There are 2 protein chains.
Amino acid sequence: MENTKLGHHISQQFEEELQDIRTRVMTMGGLVEKQLSDALMALSDMNSELAEVVVTNDYKINALEVSIDEECTQILARRQPTASDLRLVIAVIKTITDLERIGDEAERVARMALHFAEAGGDRKMLVGILHLGELVRGMLHGALDAFARMDTEAAINVAREDPKADREYESILRELITYMMEDPRAIPNVVNIMWSARALERIGDRARNICEYVIYLVKGKDVRHTSLDKVESEARNRK
Amino acid sequence: MENTKLGHHISQQFEEELQDIRTRVMTMGGLVEKQLSDALMALSDMNSELAEVVVTNDYKINALEVSIDEECTQILARRQPTASDLRLVIAVIKTITDLERIGDEAERVARMALHFAEAGGDRKMLVGILHLGELVRGMLHGALDAFARMDTEAAINVAREDPKADREYESILRELITYMMEDPRAIPNVVNIMWSARALERIGDRARNICEYVIYLVKGKDVRHTSLDKVESEARNRK
């Protein structure tokens, strides 16, 4: 399987191409992170202008996805990579899909920030989701960092945060349902916040997906649909 | 680009492998369709037993995804496909990701059916989402059919249904918000139905994704993030 080791390519240009897609994934990841933190800031400051910027910028992420995807297909067709090079290309194709969808979720949060600012919603309803937002932003950052350094330990630590995000999300839901029952006039506003909470929870799931691709990339094992303990033992195994 | 034409492979075995992953995608698609229709039936008949079956069966879809994915990676590594063969493998990798997520959404609907049956919810709240359910089930069926026949016209027709699903979803949301405002005690139940409505709307999005992969596969053009009219003109262009 491992005839071709990273760093021993016959073709210098091929290595540059592989490095290039890695760099472009990081660029895309940085953009997505910025979109998410701007969406959260727009929400917390009720800043409609910033929310509009996030909505407008989503096309940049979509364009990057299509372009990196195309580059990956070209590499597969021209270079016909095997072993770890092939895994890198496949991991990149999957990672950019998740990054693009995280961008969509960030856009949803920004749209909700717009509605919330317009409707003059009660800021106390936001405490929980802003906290969840910070948690999943940290997860996304950690996942990208693990990808950049091909660090499976870091990837596992990020994946371990996901159940925490799920629990925070569940607790936010319960709280929001209470708000609605106490004040039915607030229901449309609260429903909006519920969608944002769901969007943030999904961002956590997708950050975990990226961590699983890092493990697949480095270890050659597909750890999706596997318990975290199993993932951890897989990731720690030497090949 | 098109040096290798489907049907003129030197290797008979390679062709059989490509045929095999197509067949397995259809098997997986059939299973996902069954899960979705069972989830909808469980909801409409308040049949907890059937809902449990859907929840239990999800692992089969996950296992199929991992196994087809592995087969695709093997084909990329061993056969180093180019042109339309490469596009087929990439389209399969992407399609099974969406199918797996559709399976997750069907499981969510089934879980909701369980809660709804337990809580003894009011059946009139279900009319809208059962209708949306039928619409997206038809879209999924159409998308799989377009994939099986590599039919871009059929793919476009399915993609054209997606805005209709989005409109139905929006109208269901408005209706559910009204229910909640009229009867705050029903809020927890209604919130559950909202999640199911969202799950169904997402299934429509993913069926559309599959249609876009079919167009990519047949025409070699990436039509994601493109308006439907543009997609249609791309798909109708002869190469």
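## Helices α5 and α7 of chain B

In this predicted model, the axes of helix α5 (residues 152-159) of chain B and α7(B) come within 9 Å and cross at roughly 155°. Angles over 145 degrees count as roughly antiparallel, and α5(B) is therefore roughly antiparallel to α7(B). The crossing of the two helices is left-handed.

On the side of α5(B), the residues that meet α7(B) are B:Thr152, B:Ala155, B:Val158 and B:Ala159. Their partners in α7(B) are B:Ala207, B:Arg208, B:Cys211, B:Val214, B:Ile215, B:Val218 and B:Lys219. Sorted by class, this contact of α5(B) with α7(B) has eight nonpolar residues, one polar residue and two charged residues.

## Helices α4 and α7 of chain A

Two packed helices are described by the angle between their axes and the distance between the axes. In chain A, helix α4 (residues 127-149) and helix α7 (residues 187-219) have axes that come within 9 Å and cross at roughly 20°. Angles under 35 degrees count as roughly parallel, so α4(A) and α7(A) are roughly parallel to each other. The crossing of α4(A) and α7(A) is left-handed.

From α4(A), the contact takes in A:Ile129, A:Leu132, A:Gly133, A:Val136, A:Met139, A:Leu140, A:Ala143, A:Ala146 and A:Phe147. These meet residues of α7(A), including A:Ile193, A:Leu200, A:Ile203, A:Gly204, A:Ile210 and A:Val214. The contact of α4(A) with α7(A) comprises 16 nonpolar and three polar residues, with no charged residues.

## The contact between the chains

Between the two chains, 21 residues of chain B are in contact with 21 residues of chain A. Four helices of chain B, namely α2 (48-79), α3 (83-119), α6 (162-182) and α7 (187-219), each supply at least two residues of the side that touches chain A. Of these, α2(B) gives the most, with seven residues. By class, the side of chain B that touches chain A is made up of twelve nonpolar, five polar and four charged residues.

The same surface serves both copies, as 100% of the contact residues of chain B recur in chain A.

Note on methods: Residues are numbered from 1 along each chain as its sequence is written. Chains are lettered from A and ligands numbered from 1 in the order in which they are written. This is a predicted model: local features need pLDDT of at least 70, side-chain atom pairs count only at pLDDT 80 or more; totals for chains, interfaces and linings use all residues. Two residues are in contact if their C-beta atoms, placed from the backbone, lie within 7 Å. Ala, Val, Leu, Ile, Met, Phe, Trp, Tyr, Cys and Pro count as nonpolar, Asp, Glu, Lys and Arg as charged, and the others, Gly among them, as polar. Axes are lines fitted to C-alpha atoms, for helices over the stretch in contact, and angles run from 0 to 180 degrees between N-to-C directions. Angles under 35 degrees count as roughly parallel, over 145 as roughly antiparallel, 65 to 115 as roughly perpendicular and the rest as oblique. A crossing is left-handed if the near helix is turned anticlockwise from the far one by less than a right angle, and right-handed if clockwise.
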